[in-house]
Amino acid sequence: MSIWLKVRKVMLQYFAEARWYTILVALLFYGLSSWVLLYFAGEHALLGVYDFIYWLAVTGSTVGYGDISPTTPAGRMIVAFYIIPLGLSIFALVVGRIASWVSAQWQKGVLGLKKLTVDNHVLVIGWNEARTLQLLKLLLRERADIAHTPDIVLCVKADVTNPLPGEIEFVKVNSFNNDEMDRAGVAQASTIIIDNPMDDVTMTTALYCAQRNADAHLVAYFQDENLSKLLEQHCPNVECTPSVAVEMLAKSAFDPGSSVLHHDLLDVQEGQAQYSLRVPEQADETPLSAIFVAIKQQYDAIFIGYAPQGDYRKMRVNPSLDEHIKAGDKLFYIAKQRINDIDWSRLVSAEGV
(Lines give C-alpha, C1' and ligand atoms only; values in the text may rest on other atoms or scores of the structure.)
Protein backbone atom coordinates (compact mmCIF):
# COMPACT_ATOMS: atom_id res chain seq x y z
CA MET A 1 0.00 0.00 0.00
CA SER A 2 1.41 3.37 -1.06
CA ILE A 3 2.08 6.13 1.43
CA TRP A 4 -0.69 8.24 -0.15
CA LEU A 5 -3.27 5.49 0.34
CA LYS A 6 -2.18 5.02 3.94
CA VAL A 7 -2.46 8.75 4.62
CA ARG A 8 -5.85 8.82 2.89
CA LYS A 9 -7.10 5.89 4.98
CA VAL A 10 -5.94 7.47 8.24
CA MET A 11 -7.46 10.84 7.33
CA LEU A 12 -10.80 9.32 6.35
CA GLN A 13 -10.93 7.32 9.56
CA TYR A 14 -9.95 10.34 11.64
CA PHE A 15 -12.41 12.77 10.09
CA ALA A 16 -15.23 10.23 10.11
CA GLU A 17 -15.05 10.42 13.91
CA ALA A 18 -14.05 14.07 14.03
CA ARG A 19 -15.51 16.32 16.65
CA TRP A 20 -16.61 19.89 16.02
CA TYR A 21 -13.35 21.41 17.22
CA THR A 22 -11.43 19.21 14.73
CA ILE A 23 -13.66 20.39 11.90
CA LEU A 24 -13.16 23.99 13.02
CA VAL A 25 -9.36 23.57 12.98
CA ALA A 26 -9.54 22.03 9.50
CA LEU A 27 -11.73 24.91 8.32
CA LEU A 28 -9.29 27.50 9.71
CA PHE A 29 -6.34 25.69 8.09
CA TYR A 30 -8.22 25.55 4.79
CA GLY A 31 -8.97 29.26 4.86
CA LEU A 32 -5.48 30.33 5.96
CA SER A 33 -3.65 28.08 3.49
CA SER A 34 -5.92 29.22 0.65
CA TRP A 35 -5.24 32.88 1.48
CA VAL A 36 -1.45 32.30 1.56
CA LEU A 37 -1.43 30.44 -1.76
CA LEU A 38 -3.52 33.13 -3.46
CA TYR A 39 -1.25 35.81 -2.01
CA PHE A 40 1.84 34.23 -3.55
CA ALA A 41 -0.09 33.71 -6.80
CA GLY A 42 -0.70 37.46 -6.99
CA GLU A 43 -4.49 37.34 -6.59
CA HIS A 44 -4.60 40.49 -4.45
CA ALA A 45 -8.14 41.39 -5.59
CA LEU A 46 -9.45 38.34 -3.73
CA LEU A 47 -7.65 38.93 -0.44
CA GLY A 48 -9.82 41.55 1.23
CA VAL A 49 -11.32 40.12 4.42
CA TYR A 50 -14.98 40.25 3.39
CA ASP A 51 -14.33 39.51 -0.29
CA PHE A 52 -12.12 36.54 0.57
CA ILE A 53 -14.60 34.99 3.02
CA TYR A 54 -17.46 35.43 0.52
CA TRP A 55 -15.45 34.14 -2.44
CA LEU A 56 -14.03 31.15 -0.55
CA ALA A 57 -17.49 30.05 0.67
CA VAL A 58 -18.99 30.38 -2.81
CA THR A 59 -16.06 28.69 -4.57
CA GLY A 60 -15.36 25.98 -1.99
CA SER A 61 -19.01 24.87 -1.99
CA THR A 62 -18.97 24.99 -5.85
CA VAL A 63 -21.91 27.42 -5.98
CA GLY A 64 -19.69 29.58 -8.21
CA TYR A 65 -21.44 32.89 -8.88
CA GLY A 66 -18.44 34.07 -10.87
CA ASP A 67 -18.70 37.71 -9.81
CA ILE A 68 -15.19 37.40 -8.33
CA SER A 69 -12.63 35.01 -9.81
CA PRO A 70 -8.86 34.48 -10.08
CA THR A 71 -7.14 36.18 -13.02
CA THR A 72 -3.64 34.66 -12.99
CA PRO A 73 -2.78 31.18 -14.34
CA ALA A 74 -1.28 30.19 -10.95
CA GLY A 75 -4.40 31.38 -9.14
CA ARG A 76 -6.65 29.34 -11.41
CA MET A 77 -4.55 26.22 -10.87
CA ILE A 78 -4.70 26.71 -7.10
CA VAL A 79 -8.48 26.99 -7.28
CA ALA A 80 -8.86 24.00 -9.58
CA PHE A 81 -6.55 21.58 -7.75
CA TYR A 82 -6.64 22.78 -4.14
CA ILE A 83 -9.43 25.14 -3.12
CA ILE A 84 -12.34 23.37 -4.85
CA PRO A 85 -11.39 19.73 -4.02
CA LEU A 86 -10.51 20.49 -0.40
CA GLY A 87 -13.50 22.84 -0.02
CA LEU A 88 -15.87 20.16 -1.28
CA SER A 89 -14.50 17.68 1.26
CA ILE A 90 -14.82 20.09 4.18
CA PHE A 91 -18.24 21.29 3.02
CA ALA A 92 -19.50 17.71 2.79
CA LEU A 93 -18.03 16.94 6.20
CA VAL A 94 -19.74 19.94 7.83
CA VAL A 95 -23.10 19.22 6.18
CA GLY A 96 -22.83 15.56 7.12
CA ARG A 97 -22.09 16.34 10.74
CA ILE A 98 -24.96 18.85 10.94
CA ALA A 99 -27.35 16.30 9.41
CA SER A 100 -26.06 13.64 11.80
CA TRP A 101 -26.53 15.94 14.80
CA VAL A 102 -30.07 16.89 13.77
CA SER A 103 -30.93 13.23 13.22
CA ALA A 104 -29.49 12.28 16.61
CA GLN A 105 -31.50 15.00 18.35
CA TRP A 106 -34.66 13.85 16.60
CA GLN A 107 -33.97 10.25 17.56
CA LYS A 108 -33.41 11.29 21.17
CA GLY A 109 -36.77 13.04 21.15
CA VAL A 110 -38.58 10.04 19.69
CA LEU A 111 -36.87 7.61 22.06
CA GLY A 112 -37.38 9.90 25.06
CA LEU A 113 -33.69 10.33 25.89
CA LYS A 114 -33.59 14.13 25.76
CA LYS A 115 -34.00 16.48 28.73
CA LEU A 116 -37.00 18.74 28.17
CA THR A 117 -37.19 22.46 28.87
CA VAL A 118 -40.82 22.80 29.92
CA ASP A 119 -42.78 24.67 32.57
CA ASN A 120 -46.39 24.58 33.85
CA HIS A 121 -47.01 21.52 31.69
CA VAL A 122 -49.25 18.47 32.04
CA LEU A 123 -47.14 15.43 32.91
CA VAL A 124 -48.60 11.96 32.26
CA ILE A 125 -46.65 9.21 34.01
CA GLY A 126 -47.13 5.57 33.02
CA TRP A 127 -48.15 3.54 29.99
CA ASN A 128 -51.38 1.56 29.72
CA GLU A 129 -51.30 1.13 25.96
CA ALA A 130 -54.66 1.99 24.34
CA ARG A 131 -55.97 3.66 27.50
CA THR A 132 -52.99 5.99 27.77
CA LEU A 133 -53.21 6.80 24.08
CA GLN A 134 -56.87 7.68 24.50
CA LEU A 135 -56.01 9.80 27.56
CA LEU A 136 -53.44 11.76 25.55
CA LYS A 137 -55.90 12.40 22.73
CA LEU A 138 -58.51 13.61 25.22
CA LEU A 139 -55.96 15.92 26.84
CA LEU A 140 -55.08 17.37 23.44
CA ARG A 141 -58.76 17.88 22.70
CA GLU A 142 -59.36 19.56 26.07
CA ARG A 143 -56.31 21.78 25.60
CA ALA A 144 -57.65 23.01 22.26
CA ASP A 145 -60.62 24.63 24.06
CA ILE A 146 -58.64 26.76 26.50
CA ALA A 147 -56.67 29.96 26.02
CA HIS A 148 -53.61 28.62 27.84
CA THR A 149 -52.05 25.72 25.93
CA PRO A 150 -49.62 23.88 28.23
CA ASP A 151 -47.21 21.30 26.88
CA ILE A 152 -48.25 17.69 27.37
CA VAL A 153 -45.42 15.36 28.39
CA LEU A 154 -45.62 11.56 28.49
CA CYS A 155 -43.11 9.82 30.80
CA VAL A 156 -42.81 6.04 30.58
CA LYS A 157 -40.66 3.10 31.61
CA ALA A 158 -42.11 0.78 28.97
CA ASP A 159 -40.18 -0.03 25.81
CA VAL A 160 -42.13 2.30 23.51
CA THR A 161 -41.45 5.36 21.40
CA ASN A 162 -43.38 8.62 21.27
CA PRO A 163 -46.94 7.58 20.29
CA LEU A 164 -47.86 11.10 19.11
CA PRO A 165 -44.68 12.75 17.77
CA GLY A 166 -45.12 16.42 17.02
CA GLU A 167 -48.14 16.66 19.35
CA ILE A 168 -46.69 15.73 22.75
CA GLU A 169 -43.26 15.62 24.38
CA PHE A 170 -41.85 12.23 25.38
CA VAL A 171 -39.42 11.03 28.05
CA LYS A 172 -38.30 7.48 28.83
CA VAL A 173 -36.80 6.67 32.24
CA ASN A 174 -35.70 3.60 34.19
CA SER A 175 -37.49 4.65 37.38
CA PHE A 176 -40.32 7.00 38.31
CA ASN A 177 -38.82 7.93 41.68
CA ASN A 178 -35.30 9.20 41.11
CA ASP A 179 -33.50 12.16 39.54
CA GLU A 180 -34.16 10.84 36.04
CA MET A 181 -37.58 12.43 36.39
CA ASP A 182 -35.91 15.83 36.09
CA ARG A 183 -35.77 15.21 32.35
CA ALA A 184 -39.57 15.30 32.32
CA GLY A 185 -39.69 18.50 34.41
CA VAL A 186 -41.51 16.88 37.34
CA ALA A 187 -40.76 19.84 39.61
CA GLN A 188 -42.11 22.37 37.09
CA ALA A 189 -45.35 20.58 36.11
CA SER A 190 -48.68 22.22 36.91
CA THR A 191 -50.60 18.92 36.65
CA ILE A 192 -49.31 15.37 37.11
CA ILE A 193 -51.43 12.39 36.03
CA ILE A 194 -50.24 8.96 37.22
CA ASP A 195 -51.72 5.87 35.58
CA ASN A 196 -49.77 2.63 35.80
CA PRO A 197 -50.88 -0.98 35.34
CA MET A 198 -49.71 -1.73 38.89
CA ASP A 199 -51.12 0.15 41.88
CA ASP A 200 -47.92 -0.19 43.92
CA VAL A 201 -45.96 1.68 41.22
CA THR A 202 -48.67 4.34 41.15
CA MET A 203 -48.40 4.70 44.94
CA THR A 204 -44.60 5.14 45.06
CA THR A 205 -44.66 7.45 42.05
CA ALA A 206 -47.35 9.64 43.61
CA LEU A 207 -45.42 9.92 46.87
CA TYR A 208 -42.26 10.88 44.99
CA CYS A 209 -44.05 13.47 42.83
CA ALA A 210 -45.81 14.99 45.86
CA GLN A 211 -42.43 15.38 47.55
CA ARG A 212 -40.79 16.92 44.45
CA ASN A 213 -43.69 19.20 43.51
CA ALA A 214 -46.05 20.07 46.35
CA ASP A 215 -47.86 22.73 44.29
CA ALA A 216 -48.87 20.52 41.36
CA HIS A 217 -52.38 19.19 40.93
CA LEU A 218 -51.75 15.48 41.37
CA VAL A 219 -54.17 12.94 39.86
CA ALA A 220 -53.63 9.20 40.43
CA TYR A 221 -55.65 6.25 39.08
CA PHE A 222 -56.04 3.18 41.32
CA GLN A 223 -57.81 -0.12 40.77
CA ASP A 224 -57.85 -0.69 44.54
CA GLU A 225 -59.86 2.06 46.24
CA ASN A 226 -58.23 1.32 49.61
CA LEU A 227 -54.88 2.45 48.24
CA SER A 228 -56.38 5.72 47.04
CA LYS A 229 -57.66 6.46 50.56
CA LEU A 230 -54.23 5.65 51.99
CA LEU A 231 -52.51 8.01 49.54
CA GLU A 232 -54.95 10.83 50.30
CA GLN A 233 -53.95 10.62 53.96
CA HIS A 234 -50.30 11.27 53.10
CA CYS A 235 -50.81 13.64 50.17
CA PRO A 236 -53.57 16.21 50.76
CA ASN A 237 -53.18 17.66 47.26
CA VAL A 238 -53.79 14.37 45.43
CA GLU A 239 -57.00 13.58 43.56
CA CYS A 240 -57.47 9.81 43.36
CA THR A 241 -59.70 8.27 40.70
CA PRO A 242 -60.54 4.62 41.41
CA SER A 243 -62.11 2.46 38.73
CA VAL A 244 -65.90 2.87 38.44
CA ALA A 245 -66.53 0.18 35.82
CA VAL A 246 -68.23 -2.19 38.28
CA GLU A 247 -70.35 0.62 39.72
CA MET A 248 -71.51 1.53 36.22
CA LEU A 249 -72.54 -2.05 35.55
CA ALA A 250 -74.66 -2.14 38.72
CA LYS A 251 -76.16 1.28 38.02
CA SER A 252 -77.11 0.35 34.47
CA ALA A 253 -78.84 -2.81 35.69
CA PHE A 254 -81.46 -0.81 37.61
CA ASP A 255 -81.29 2.45 35.65
CA PRO A 256 -80.80 1.47 31.99
CA GLY A 257 -78.85 4.04 30.01
CA SER A 258 -76.75 5.20 32.95
CA SER A 259 -73.47 4.07 31.37
CA VAL A 260 -74.36 5.85 28.12
CA LEU A 261 -75.21 9.01 30.08
CA HIS A 262 -71.91 9.03 31.96
CA HIS A 263 -69.95 8.37 28.78
CA ASP A 264 -71.72 11.29 27.12
CA LEU A 265 -70.86 13.58 30.03
CA LEU A 266 -67.18 12.72 29.82
CA ASP A 267 -66.80 12.58 26.04
CA VAL A 268 -65.23 15.80 24.73
CA GLN A 269 -65.79 14.87 21.10
CA GLU A 270 -69.47 13.99 21.01
CA GLY A 271 -72.52 15.13 22.98
CA GLN A 272 -72.37 17.17 26.18
CA ALA A 273 -69.34 17.30 28.46
CA GLN A 274 -68.56 18.29 32.03
CA TYR A 275 -66.31 21.30 32.68
CA SER A 276 -65.40 23.59 35.57
CA LEU A 277 -64.62 27.23 36.28
CA ARG A 278 -63.29 29.10 39.29
CA VAL A 279 -65.18 32.06 40.75
CA PRO A 280 -62.87 35.11 40.43
CA GLU A 281 -61.56 36.79 43.56
CA GLN A 282 -63.35 40.07 42.81
CA ALA A 283 -66.77 38.41 42.56
CA ASP A 284 -69.36 39.12 45.25
CA GLU A 285 -71.13 36.40 47.22
CA THR A 286 -74.07 35.27 45.07
CA PRO A 287 -77.11 33.05 45.69
CA LEU A 288 -76.75 29.73 43.95
CA SER A 289 -80.28 30.08 42.57
CA ALA A 290 -79.20 33.16 40.55
CA ILE A 291 -76.21 31.37 39.09
CA PHE A 292 -78.25 28.23 38.33
CA VAL A 293 -80.70 30.19 36.19
CA ALA A 294 -78.22 32.64 34.62
CA ILE A 295 -75.72 30.03 33.46
CA LYS A 296 -78.54 28.19 31.66
CA GLN A 297 -80.04 31.31 30.09
CA GLN A 298 -76.79 32.93 29.00
CA TYR A 299 -74.59 29.94 28.16
CA ASP A 300 -77.07 27.06 27.75
CA ALA A 301 -75.18 25.18 30.48
CA ILE A 302 -76.42 23.16 33.44
CA PHE A 303 -74.96 23.74 36.91
CA ILE A 304 -74.33 20.42 38.72
CA GLY A 305 -72.24 21.26 41.79
CA TYR A 306 -69.37 23.14 43.32
CA ALA A 307 -66.25 22.66 45.45
CA PRO A 308 -65.96 25.29 48.23
CA GLN A 309 -62.66 27.15 47.77
CA GLY A 310 -61.68 24.47 45.28
CA ASP A 311 -61.55 21.72 47.94
CA TYR A 312 -62.65 18.61 46.03
CA ARG A 313 -63.17 16.62 49.23
CA LYS A 314 -66.02 18.96 50.16
CA MET A 315 -67.70 18.63 46.79
CA ARG A 316 -71.35 19.71 46.81
CA VAL A 317 -73.31 17.90 44.07
CA ASN A 318 -76.89 19.08 43.39
CA PRO A 319 -76.76 21.53 46.33
CA SER A 320 -79.73 23.48 47.68
CA LEU A 321 -80.57 26.66 45.76
CA ASP A 322 -80.49 28.52 49.07
CA GLU A 323 -76.71 28.15 49.30
CA HIS A 324 -74.34 30.94 48.26
CA ILE A 325 -71.34 30.91 45.92
CA LYS A 326 -68.22 32.82 47.03
CA ALA A 327 -64.98 33.95 45.43
CA GLY A 328 -62.54 31.06 45.08
CA ASP A 329 -65.26 28.38 44.77
CA LYS A 330 -65.03 26.03 41.81
CA LEU A 331 -68.22 25.46 39.82
CA PHE A 332 -68.95 22.37 37.72
CA TYR A 333 -71.33 22.43 34.80
CA ILE A 334 -72.48 20.52 31.72
CA ALA A 335 -72.28 22.20 28.31
CA LYS A 336 -71.62 21.53 24.65
CA GLN A 337 -68.23 23.18 24.98
CA ARG A 338 -66.05 24.89 27.57
CA ILE A 339 -67.09 28.43 28.50
CA ASN A 340 -64.08 30.70 27.98
CA ASP A 341 -63.85 34.38 28.96
CA ILE A 342 -67.01 34.22 31.04
CA ASP A 343 -68.51 37.60 31.97
CA TRP A 344 -68.98 37.00 35.69
CA SER A 345 -70.53 40.39 36.44
CA ARG A 346 -73.17 39.79 33.77
CA LEU A 347 -73.73 36.24 34.93
CA VAL A 348 -74.73 37.27 38.45
CA SER A 349 -76.42 40.57 37.64
CA ALA A 350 -80.14 40.92 38.15
CA GLU A 351 -80.56 41.92 34.50
CA GLY A 352 -78.83 38.72 33.37
CA VAL A 353 -81.16 36.62 35.51
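1. Helices (H or I, at least four residues) and strands (E, at least two) are taken here as DSSP runs, numbered from the N terminus. The model is a predicted one, in which local features need pLDDT of at least 70 and side-chain atom pairs count only at pLDDT 80 or more, whereas totals for chains, interfaces and linings use all residues. Residues are numbered from 1 along each chain as its sequence is written, and side-chain values use heavy atoms, with hydrogens and water left out.

2. N120, placed in the loop between α4 (73–111) and β1, has a positive phi of about 55° although it is not a glycine. D300, in the loop between α10 (288–299) and β9, likewise is not a glycine and has a positive phi, of about 50°. As background, most residues other than glycine have a negative phi. With buried meaning under 20% relative accessible area, exposed over 50% and partly exposed in between (1.4 Å probe, protein chains only), N120 is partly exposed at 42%, and D300 is partly exposed, also with a value of 42%.

3. D300 also takes part in a salt bridge with K296, the closest N and O atoms being 2.9 Å apart; the term denotes a side-chain nitrogen of Lys or Arg within 4 Å of a carboxyl oxygen of Asp or Glu. K296 is partly exposed, with a relative accessible area of 40%. A search of the whole structure finds 7 salt bridges.

4. Another of these pairs joins K172 and D159, with 3.0 Å between the closest N and O atoms. The pair links distant parts of the chain, 13 residues apart, since K172 belongs to strand β3 (residues 169–172) and D159 to the loop between β2 and β3. K172 counts as partly exposed at 24% relative accessibility, while D159, at 71%, counts as exposed. A further salt bridge is formed by E180 and R183, whose closest N and O atoms are 3.7 Å apart; E180 is partly exposed at 23%, and R183 counts as buried at 16%.

5. An open sheet of 4 strands runs in the order β7-β12-β9-β10, with antiparallel pairing; strands pair if DSSP finds at least two bridges between them. At the edges stand β7 (273–278) and β10 (316–317), each with a single partner strand, so one side of each is left without a neighbour in the sheet. Strands β9 (residues 302–307) and β12 (residues 330–335) pair in the antiparallel sense over 5 bridges, and Y306 has L331 as its bridge partner in β12.

6. Finally, W35, which lies in helix α2 (residues 20–40), is partly exposed, with a relative accessible area of 32%.
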